[in-house]
Amino acid sequence: MEKLEARIRNHDREIEKMCNFHYQGFVDSITELLKVRGEAQKLKNQVTDTNRKLQNEGKEVSDGSSLGIACRLQQRNISATVDKLTLCLPVLEMYSKLREQMKSKRHYPALKTLEHLEHTFLPQVSHYRFCKVMVDNIPRLDRNERRKERKARRDRNERRKAGETEMKGGEQERQMKGGKKGQERETEMKGEKQERQKGKERQKRKQEISHVFHGFFSPFQVPGAQDLVDFSPVYRCLHIYSVLEQLCCHPQSTLARITPRFLREKFPQIVFFVVEDHILHTTQGLVNRAYIDELWEMALSKTIAALRTHSSYCSDPSLVLDLKNLIVLFADTLQGYGFPVNQLFDMLLEIQDQYSETLLKKWAGVFRNILDSDNYSPIPVSNDDVYRKIVGQFPFQDAELEKQPFPKKFPFSEFVPKVYGQIKEFIYACLKFSEDLHLSSTEVDDMIRKSTNLLLTRTLSNCLQNVIKRKNVGLTELVQIIINTTHLEKSCKFLEEFITNITNVLPETVHTTKLYGTTTFKDARHAAEEEIYTNLNQKIDQFLQLADYDWMAPEPGSRASEYLVDLIGFLRSTFAVFTHLPGKVAQTACMSACKHLSTSLLQLLLEAEVRQLTLGALHQFNLDVEECEQFARSGPVPGFQGDTLQLAFIDLRQLLDLFIQWDWSTYLADYGQPTCKYLRVNPTTALILLEKMRDTSRKNNVFAQFRKNERDKQKLIDTVAKQLRGLINSHHS
């Protein structure tokens, strides 16, 4: 009961505290409620007064109701008028657009607008008189526009037909020239016969064009004033301005991507300038040379601007080549009629750079596919047919390999003949663009060599470097890459001969660009060699992570550590793969691996975590070093003279001999002399190792001070340590 009463008192105190805390809020709420009651009373009084006033003014409101109705009616009429005008405005806008299209002779868009106006907008406002007038006129406008559109389409077809006829003849003449290029003319009479044949073909093409435009040109066969008056409207229908307006002045948005269909349809229409030339030579006073030259300059500048702008979107080399061929055919055709076309050929030289870039992008993908799909293994050959096929693809000669019986293997993998063949294909692709550009052999040779150098130094080099730097590339693949690049480097002279045979320009000619293939393949080979050295060192580090020395072992084991035996076995199998590598590469890799192994073993011995070291542990470590020295003496890679490879472990050997033989007197006496037995032992390294052994002696031999031999040993260690510190200080000073 006492505890219950105490608890009740506690609850009472908490209730009192809570009431005190909320008391002020309660007082504020009551105050606000009183204020609200007063405000509510005021509002009630105002409502009462308002009702009283409304009752008094009710009579006045009824008198003004008629005026409010009139205002609402006026507002409704205004809204209805706005709605009707909203329906009429699109009709007027479409009609205005139709008039502009008819005025600018855009007949097909005018027909579409007329159809839209007739079936969409006019039915909504057909009850208005002005719309009825439009509806009555629509059939007449439709007939006129359709007639004009058919006539314009027929004119375009005639222009295209004339252009195609002339360009077809020009192409046949060009092919005939190309077929006879490089052949010697047998007699002068044969040359004259060819010239007469060319003249007949040119005359035949003119007759075909005249036949195509017979309905237009027949009046001009008998030139006179009457002809000029009667048929000048026909000439205006054929005027070149209509073509230029469609092709150059207003290039359509669809030209953002040039297609072969666009090129083949539009170029013959521009060749309609041959009609202007025909009119110039068959009429009098209708046009003159100055007018045609001015018109040609304007058309040429706009055509070049349009082609230069839109050709930049071409990412397909075959499309760029089609564009070039049509431009050449177009230029040659009009040049035959006396029109200057030098600007077109200058533009083609600009497009040539773009063509080279598109080729480089395409071949970058080709090289990536070849390198990714290669198995990086020597090509096996089972019979003579396969052997001859590969030798035909890649210039390789090896008398010893030919003597070997089947099956046998080429030293390189499949990507060597594939890459070599693709380089030749690239050269052929570059040559295609240079055809018919009226370039000299030297210019063609220079163009091909520069593009090929870009392919080798930029595209192929990047692809090879990417393969070499892959994370998952192994030592076997790197070795095969070195072998492959070595053979590709030797093939560069055959690529030089290949280009020379194509262009007939000797490499000894002045200003002839040299191929940089040798440099490219050397750089790739050196990168692969560096990657081999790095990978070997990483593998060695992985084995060393398995090292588990007992630095406090009182006695050594009977054989070398297992991890080191496995490491030596890995190195033997790895260097056995290096048999096809150049001798210096294999020797450098072997020496680099041995030096890295020696340095890493020394770091294991000196690392700070090893604070104590017994003589037994040092003997076990010595067994491992002897295993490494045995590996070096066995000659894992041929070509080393004497004990050259063993010198990689000379620092470890001298340090271990010094401690195991405890030959401090010799070391301290001969230190600094060239003939010193322990010349490679650094006093700082010796002092660190000595400190580890001294700590072991102190901690493991509690009663060492009571045994004379141990006391003498401790004194000797202290004396040697003191002298080593003196050597270190004197060296630093």
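User: Helices (H or I, at least four residues) and strands (E, at least two) are DSSP runs numbered from the N terminus. In which loop does Pro407 lie?

Analyst: The model is predicted. Its protein chain holds 27 helices and two strands. The peptide bond leading from Phe406 into Pro407 is cis, with omega near -5 degrees. Pro407 itself belongs to the loop between α15 (399-403) and β2 (408-409).

User: What share of the 733 residues of the protein chain counts as buried?

Analyst: A residue is taken as buried when its relative accessible area is under 20%. Among contacts with a separation of 6 or more, those between residues 24 or more positions apart account for 78%. Of the 733 residues in the chain, the buried share is 40%.

User: Is Tyr376 buried or exposed?

Analyst: Tyr376 sits in the loop between α13 (342-373) and β1 (380-381). Its phi is positive, near 50 degrees, although the residue is not glycine. The relative accessible area of Tyr376 is 8%, so the residue is buried.

User: Is His438 buried or exposed?

Analyst: His438 also has a positive phi without being glycine, here near 60 degrees. This residue is found in the loop between α16 and α17. Exposed requires a relative accessible area over 50%. His438 has 56%, so it is exposed.

User: How do α11 and α13 lie to each other?

Analyst: The axes of α11 (residues 289-311) and α13 are 11 Å apart, and the packing angle is about 5 degrees. Angles under 35 degrees count as roughly parallel. The two helices are therefore roughly parallel.

User: How many nonpolar, polar and charged residues make up the contact of α11 with α13?

Analyst: On the α11 side the residues are Glu297, Leu300, Ile304, Leu307, Arg308 and Ser311, and they meet Gln343, Leu344, Met347, Glu350, Ile351 and Gln354 of α13. Sorted by class, the contact has six nonpolar, three polar and three charged residues.

User: Which helices do the buried residues of α19 pack against?

Analyst: Helix α19 covers residues 492-503, and its twelve residues reach 17 Å from first to last C-alpha, close to the expected 16 Å. Its buried residues are Cys492, Leu495, Glu496, Phe498, Ile499, Thr500 and Thr503. After the helix comes Asn504, with a positive phi near 60 degrees. The helices that the buried residues of α19 pack against are α16 (415-434), α17 (441-468), α18 (475-490) and α20 (517-544).

User: Which residues does Thr485 touch, not counting those up to four places away in sequence?

Analyst: Thr485 lies in helix α18. With a relative accessible area of 0%, Thr485 is buried. Leaving out residues up to four places away in sequence, Thr485 touches Leu464, Phe521, Ala524 and Arg525.

User: How many disulfides does the count come to?

Analyst: A disulfide is a covalent bond between the sulfur atoms of two cysteines. Cys463, for one, counts as buried at 6% relative accessibility. By the sulfur distance rule, the number of disulfides is zero.

Methods:
Residues are numbered from 1 along each chain as its sequence is written. This is a predicted model: local features need pLDDT of at least 70, side-chain atom pairs count only at pLDDT 80 or more; totals for chains, interfaces and linings use all residues. Side-chain values use heavy atoms; hydrogens and water are left out. The expected span of a helix is 1.5 Å times one less than its number of residues. Buried means under 20% relative accessible area, exposed over 50%, partly exposed in between (1.4 Å probe, protein chains only). Contact means heavy atoms within 4.5 Å. A disulfide is a pair of cysteine sulfur atoms within 2.5 Å. Axes are lines fitted to C-alpha atoms, for helices over the stretch in contact, and angles run from 0 to 180 degrees between N-to-C directions. Angles under 35 degrees count as roughly parallel, over 145 as roughly antiparallel, 65 to 115 as roughly perpendicular and the rest as oblique. Ala, Val, Leu, Ile, Met, Phe, Trp, Tyr, Cys and Pro count as nonpolar, Asp, Glu, Lys and Arg as charged, and the others, Gly among them, as polar.
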